Amino acid sequence: MHVVVRPAQQLWLFLPPRRRREEIVVPYDGSASLGHVVQSLGVPLTEVAPPAVDGAPSEVTRRPHEAAVIELEPPPRPQPLPDGARFLLDVHLGSLARRLRLLGVDTAYDNPADDDELVERAGRERRVLLTQDRGLLMRRTLRAGAYVRGHGADAQLADVLDRFAPPLAPWTRCSACNGELARVPKDEVVDLLEPGTRRCYERFSRCRTCGRVYWRGAHGRRLDAVVADALRTRPS
Ligand SMILES: [Zn+2]
């Protein structure tokens, strides 16, 4: 027995090289669900829209019939987020976490957290788990997750913004702890500042959670550029 799978090219990165083609014939035992067939190819279900079987949308829990033709497409972009743009990042995505926070996106990141804790926390806090670990995305108990494409934080940020189009509110969130920033009068923080900062800046914010003090120059030009880039390239 077999089924025929037609994966969109955007999904080929999940397939072993010999299967990166427009049509794959996959041995099928007649008992596995559609979801199991997809994941056995290496493609997490978080990375596909509901598959079409012989041209009609199908639940991933159903069993395909002999010689069924299964079409796989990535989810639409931007992908709707029923619980809002709230993310949890795995341990390897610390730079991406800081960038998302800089843009005001609610981004949890703990170091270290093991896989079980990550999946459990994402469910409890209704966050989308972002990772480059496909095994993590294939966990049965995971509520919502996404594979982050790209090497390096800039490419990864561009991918997350393109995929989910989260609302942006730059300079409103602490890049260290994800807490919200509140404006604070200069005289309340003046003792915490280096003399150069004290001379050059007038507007300050403080993290409501960890107390860290922020001013626009604190992040340097590099991160100013990240913010400017994100605002310019976001879909309208
Ligand atoms: Zn903080």
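The legends below describe close-up views of a predicted model.

**View 1**
The protein divides into domain 1, residues 2-72, and domain 2, residues 86-233. Their C-alpha centres are 35 Å apart. Six residues from domain 1 and six residues from domain 2 make up the contact. On the domain 1 side, the touching residues comprise two nonpolar, three polar and one charged.

**View 2. The annotated span at residues 3-74.**
An unreviewed UniProt entry places the feature "domain: Ubiquitin Mut7-C" at residues 3-74. In the model, this span is 10% helix and 24% strand.

**View 3. The largest nonpolar core.**
The largest nonpolar core has 27 residues, and Leu 89, Leu 129 and Leu 130 touch the most other members. At least two residues of this core come from each of several elements: strands E6 (86-89), E8 (128-131) and E9 (145-147), together with helices H2, H3 (115-124), H4 (134-137) and H5 (153-164). A second, separate core of 11 residues includes Tyr 28, Val 37, Val 38 and Leu 72. In soluble globular proteins, nonpolar side chains tend to be buried together.

**View 4. Surroundings of Leu 89.**
Which residues are in contact with Leu 89, leaving aside neighbours within four places in sequence? They are Leu 96, Ala 97, Thr 107, Tyr 109 and Leu 130. Of these, Leu 96 and Ala 97 are buried residues of H2. Leu 130, like Leu 89 itself, is among the core residues that touch the most other members.

**View 5. Helix H2.**
Helix H2 covers residues 94-102, and it is largely enclosed by the rest of the structure because seven of its nine residues are buried. The buried residues are Leu 96, Ala 97, Arg 98, Arg 99, Leu 100, Arg 101 and Leu 102. Gly 104, which follows H2, has a positive phi, near 85°.

**View 6. Val 227 in helix H8.**
Val 227 is in helix H8, residues 220-233. Is Val 227 buried or partly exposed? Val 227 counts as partly exposed because it has 17 C-beta neighbours inside 10 Å, whereas a buried residue needs 20 or more. Not counting residues up to four places away in sequence, Val 227 touches Leu 102, Leu 103 and Pro 170. Asp 162 is 65 residues from Val 227 in sequence, and their C-alpha atoms are 15 Å apart in space.

Technical notes:
Residues are numbered from 1 along each chain as its sequence is written. This is a predicted model: local features need pLDDT of at least 70, side-chain atom pairs count only at pLDDT 80 or more; totals for chains, interfaces and linings use all residues. Domain bounds come from an automatic or database domain assignment. Two residues are in contact if their C-beta atoms, placed from the backbone, lie within 7 Å. Ala, Val, Leu, Ile, Met, Phe, Trp, Tyr, Cys and Pro count as nonpolar, Asp, Glu, Lys and Arg as charged, and the others, Gly among them, as polar. Helices (H or I, at least four residues) and strands (E, at least two) are DSSP runs, numbered from the N terminus. A residue is buried if 20 or more other C-beta atoms lie within 10 Å of its own, exposed if 12 or fewer, and partly exposed in between; C-beta atoms are placed from the backbone. UniProt positions are given in the numbering used here, feature names are shortened, and annotations may be inferred rather than shown by experiment. A nonpolar core is a set of buried Ala, Val, Leu, Ile, Met, Phe, Trp, Tyr and Cys residues joined through C-beta atoms within 7 Å.
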